Amino acid sequence: MGEIKVSPDYNWFRSTVPLKKIIVDDDDSKVWSLYDAGSKNIRCPLIFLPPVSGTADVFFQQILALTGWGYRVIALQYPVYWDHLEFCDGFRKLLDHLQLDKVHLFGASLGGFLAQKFAEYTHKSPRVQSLILCNAFSDTSIFNQTWTANSFWLMPAFMLKKIVLGNFASGPVDPVMADGIDFMVDRLESLGQSELASRLTLNCQNSYVEPHKIRDIPVTIMDVFDQSALSTEAKEEMYKLYPNARRAHLKTGGNFPYLCRSAEVNVYIQIHLLQFHGTRYAAIDPSMVSAEELEVQKIKLHSSGEQEQQ
């Protein structure tokens, strides 16, 4: 039990990357917790948004690997927000505070839904350069919980945890996935009643993504072929919503591929971010990109620009 929590990688991460706490709302109780790693000269970093059960450190393997390759990465933990508009407004204030004009977003499950809602919310003055949507959904009605969404705030913490745990994989899984699930259960235990209740409310409150507002944003859809909380119908809906999206399929990985299949996930993230190398929206330190690679990117950008003009 708890193999990840005592692993050298996790302990190295906790000892080298400080957890920052930031308040951007008038309400002092709304605290954003985040890990900001990599060069601060990079002005368009990749930001990770966790699922209902996750804290900012569930993405520690992405932070370690990507910063080692020269990327700037920020992993977040949400304050208590009770509706999507309130979340989007708070997240916009956070980006303003961090002096980030545009960002790339990686959202897992609820994080993926909130990433899409934020891109939609800021579509008139875009703040999202690209999206990586991992086990994400576009319509909260898939959980058939919209009728209970307004009562989560009344439920005790143990009942809320039981609801979340009901979506975790049951049955036999390989040891790495078992460790990932144990770690997520441990993270879930660290969340308070109001944190859990607000996240479940955001997860189930009646809402859907309006694709016409975000159709110009480059998207990668990342999902798994084995058991996860996401139904086949929900996955198909995502493909329909983003017909031009790149697809990153993982044979296995369950609900938490960023923990259980981190090497594969990190490669897919790199492939997604590669298209921005050599531009002002690069999430990587230019000194970490070879001259040959930059030349290839410039040719690609030049040819795509010519196609648009035609």
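## A buried aspartate and its partner

D57 is buried, its relative accessible area being 2% (buried means under 20% relative accessible area, exposed over 50% and partly exposed in between, with a 1.4 Å probe and protein chains only). In this predicted model, where local features need pLDDT of at least 70, side-chain atom pairs count only at pLDDT 80 or more, and totals for chains, interfaces and linings use all residues, the side chain of D57 meets that of R14 in a salt bridge with an N to O distance of 3.6 Å (a side-chain nitrogen of Lys or Arg within 4 Å of a carboxyl oxygen of Asp or Glu). Residues are numbered from 1 along each chain as its sequence is written, and side-chain values use heavy atoms, with hydrogens and water left out.

R14 belongs to helix 1 (residues 8-16), whereas D57 sits in the loop between strand 3 (46-49) and helix 2 (60-68), so the pair ties together parts that are 43 residues apart in sequence. Helices (H or I, at least four residues) and strands (E, at least two) are DSSP runs, numbered from the N terminus.

## Other salt bridges

The structure holds 17 salt bridges. One of them joins the side chains of D36 and K40, at 3.7 Å from N to O; D36 is buried, with a relative accessible area of 8%, while K40 is partly exposed at 39%.

K240 forms a salt bridge with E237, and their closest N and O atoms are 3.9 Å apart. Both residues lie in helix 8 (residues 232-241), where a separation of 3 residues corresponds to about one turn of the helix. K240 is exposed, with a relative accessible area of 63%, and E237 counts as partly exposed at 36% relative accessibility. Elsewhere, salt bridges that share partners join D25, D89, R92, K93, D96 and R127 into one network.

## Packing of helices 4 and 7

Helix 4 (110-121) packs against helix 7 (residues 193-204) at an angle of about 65°, with the two axes 10 Å apart; axes are lines fitted to C-alpha atoms, for helices over the stretch in contact, and angles run from 0 to 180 degrees between N-to-C directions. The crossing of helix 4 and helix 7 is left-handed, a term for a near helix turned anticlockwise from the far one by less than a right angle, with right-handed used if clockwise.

L110, F113 and L114 of helix 4 make the contact with R199, L202 and N203 of helix 7 (contact means heavy atoms within 4.5 Å). By class, this contact has 4 nonpolar, 1 polar and 1 charged residues, where Ala, Val, Leu, Ile, Met, Phe, Trp, Tyr, Cys and Pro count as nonpolar, Asp, Glu, Lys and Arg as charged, and the others, Gly among them, as polar.

Q99, found in the loop between helix 3 (84-97) and strand 5 (103-108), has a phi near 60°, a positive value in a residue other than glycine. At 62% relative accessibility, Q99 counts as exposed.

S109 lies in the loop between strand 5 and helix 4, and its phi is likewise positive, at about 55°, although S109 is not a glycine. S109 is partly exposed, with a relative accessible area of 23%.

## Confidence of the model

The mean pLDDT of the protein is 90, and 91% of its residues reach 70 or more; pLDDT is the predictor's confidence in each residue, from 0 to 100. Over residues 304-310, pLDDT stays under 50, and for this stretch the model has 0 contacts beyond four places in sequence.
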